[in-house]
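This briefing looks at how the parts of one chain meet and what surrounds one of its ligands.

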Amino acid sequence: MNILAVTAEIFPLVKTGGLADVAGSLPKALAAFGVRVRTLVPGYPTILRALPEASVVRKYDDLFGERAKLLSAQFDGLELLILDAPAFFDRTGGPYLDVHGKDYADNWKRFAALSAVGSDIGENGVAGWRPCIVHAHDWHSALSLVYLKYGRQPDIPRVLTVHNLAFQGQFPACHFARLGLPDEAYAEVLEYYGELGYLKAGVMSAHTITVVSPTYAREVMSPEGGMGLDGVMNARHDDVVGIVNGIDLDVWDPSRDPHINYPFSSRTPLKRLGNRKDLLDHFDLADRNGPVFASVNRLTWQKGMDLLADVVDEFATRGGMLVVHGQGDPAIERKFINAAQRYPDHVSVRIGYDERLAHLIHAGSDAMLVPSRFEPCGLTQLYAMRYGCVPIVARTGGLSETIIDANDAAVHAQAATGIQFLPIDHAGLRHALRRAFKLYRRHRSWDRLRRQAMKADSSWERSASQYCQLYSRLLSKEEEFRRTA
Ligand code: ADP
Ligand code: GLC
């Protein structure tokens with residue numbers, strides 16, 4: 001079975017968050033089920049530099065008025081198709097934002113171009129290879145499903161995965177005329193509160209919509225979780241499926257992680273102490289022998305990082321430490337910097353984005369804080385469990401179903417894998433921290449909790465098989481439709 005995936009990020013080549021991790025690991029998991037995925041990605045400078053041997057498989061003379069090439073290459077077990085379009089992707093900033101943190105003004109066109117090429121590959125194949133399904137991720141590639149729906153082969157099965165409804169790709173309606181779609185596409189799928197909604201159009205054009213956890217599949221149907229799209233999601237209710245993310249067990253393996261000096265497993269937990277020392281050294285903290293809490297996260301409202309910054313006194317008064325690594329909202333960054341100045345012996349912050357440091361933090365800290373106000377799936381808590389770093393999470397979205405709360409019954413049954421809290425506010429978080437301090441002091445309970453977390457199965461296997469079944473269902477439906485047409 002051949003699948004074309006279209007995504008704006010892919011680990012390890014370009015990553016701003018979990019989308020990249022999923023796009024980079026799901027194809028490998030699907031390969032075990034006989035599914036061959038080729039992934040179309042934008043030709044950002046970092047990607048082109050990493051793939052000097054890529055070969056040209058198609059040329060475009062007029063892609064939204066620009067010249068472009070489609071390249072093919074393999075990297076780290078991934079089969080990539082790269083849209084080398086310098087006018088759109090050869091920029092000095094990040095994938096979506098310029099160096100000043102502002103959206104590129106032509107994002108509507110950059111990702112329409114990526115999507116148009118995705119649709120072209122879907123319809124015409126490339127270099128003798130033809131996908132039987134096109135699978136788009138998030139708003140950046142959602143238009144590929146729209147181009148296919150209104151194209152020459154509207155039967156090609158189309159799948160959209162929504163990783164986060166908060167990012168919808170909304171643009172002024174005046175750009176519609178430049179998208180090269182038939183007039184009816186505006187009213188039928190693209191129009192969104194008088195503007196263009198790329199994610200909305202993808203939801204309207206996909207045969208199946210997946211979201212990244214079953215809980216999130218329920219949440220997106222509500223006004224609060226739907227973020228303006230709940231009406232549309234409800235209209236597609238029967239075609240929405242929640243499939244929880246897995247993690248790449250090779251990239252996140254504490255027993256052979258090249259980013260840490262003291263590899264360990266659930267049988268050698270004491271080796272974590274070496275990583276603890278490295279971690280505290282890195283953050284310029286003296287070891288006070290209490291629990292080390294951590295956060296590796298986008299510093300945003302979604303992630304509840306303002307809540308965490310407001311309760312740092314808990315760490316100081318209870319004899320714990322907090323290390324924070326992340327970047328995002330400047331006001332939240334400032335809150336953490338101030339907190340570290342107020343409690344220099346207990347709180348330390350490194351603003352930035354560093355994959356290597358993320359691994360050390362998981363390997364050296366005792367608990368990972370994920371106080372998200374909403375969380376479609378969340379990967380940090382899954383990495384944390386594998387590294388024996390107990391997750392403390394808000395009870396929402398994928399966090400609520402991937403972590404089993406350490407209530408007395410679950411601890412004794414050896415089922416607990418972390419701590420959950422509700423309500424998602426200051427009081428809820430403070431209460432969770434107090435529970436964590438208490439459990440940490442009962443060494444045997446904490447040990448049991450940590451060992452149980454390390455045993456949790458966060459592999460892709462089950463979820464990849466669900467994607468596989470979904471693809472097979474779509475293909476048999478398509479065949480049935482062809483036979484009866
Ligand atoms: P989201 O995609 O919403 O940001 P996820 O939990 O799904 O949340 O994925 C976040 C990914 O980004 C994880 O792999 C996490 O380790 C990584 N990450 C987030 N912030 C940083 C950072 N400052 N440095 C390194 N990795 C980070
Ligand atoms: C999004 C979500 C996150 C999810 C990730 C990968 O960024 O915010 O919850 O884990 O996508 O699906």
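How many residues of domain 1 are in contact with how many residues of domain 2? The count is 21 residues of domain 1 against 16 of domain 2, where contact means heavy atoms within 4.5 Å. This is a predicted model, in which local features need pLDDT of at least 70 and side-chain atom pairs count only at pLDDT 80 or more, while totals for chains, interfaces and linings use all residues. Residues are numbered from 1 along each chain as its sequence is written, ligands are numbered from 1 in the order in which they are written, and side-chain values use heavy atoms, without hydrogens and water.

**Domains**
- Domain 1 covers 2–246 + 461–484 and domain 2 covers 269–455, with bounds from an automatic or database domain assignment.
- Their C-alpha centres are 33 Å apart.
- About 1,300 Å² is buried between domain 1 and domain 2, 57% of it from carbon and sulfur atoms; buried area is the accessible area (1.4 Å probe) that two parts lose on being put together, summed over both.
- Of the area that domain 1 buries against domain 2, Lys 15, Thr 215 and Asn 245 supply 26%, more than any other three residues.

**Ligand 2**
- The shell around ligand 2 takes at least three residues from each of domain 1 and domain 2.
- Among the 14 residues around ligand 2, His 163, Asn 245, Glu 375, Cys 377 and Gly 378 come nearest; a residue is near if one of its heavy atoms lies within 4 Å.
- Oxygen atoms of ligand 2 lie 3.0 Å from a polar backbone atom of Cys 377 and 2.8 Å from one of Gly 378.
- A polar side-chain atom of Asn 164 is 3.2 Å from an oxygen atom of ligand 2.

Note on methods. A polar contact is a pair of N or O atoms within 3.5 Å; within protein, one must be able to donate a hydrogen and the other to accept it, and residues adjacent in sequence count only if both atoms are side-chain atoms.
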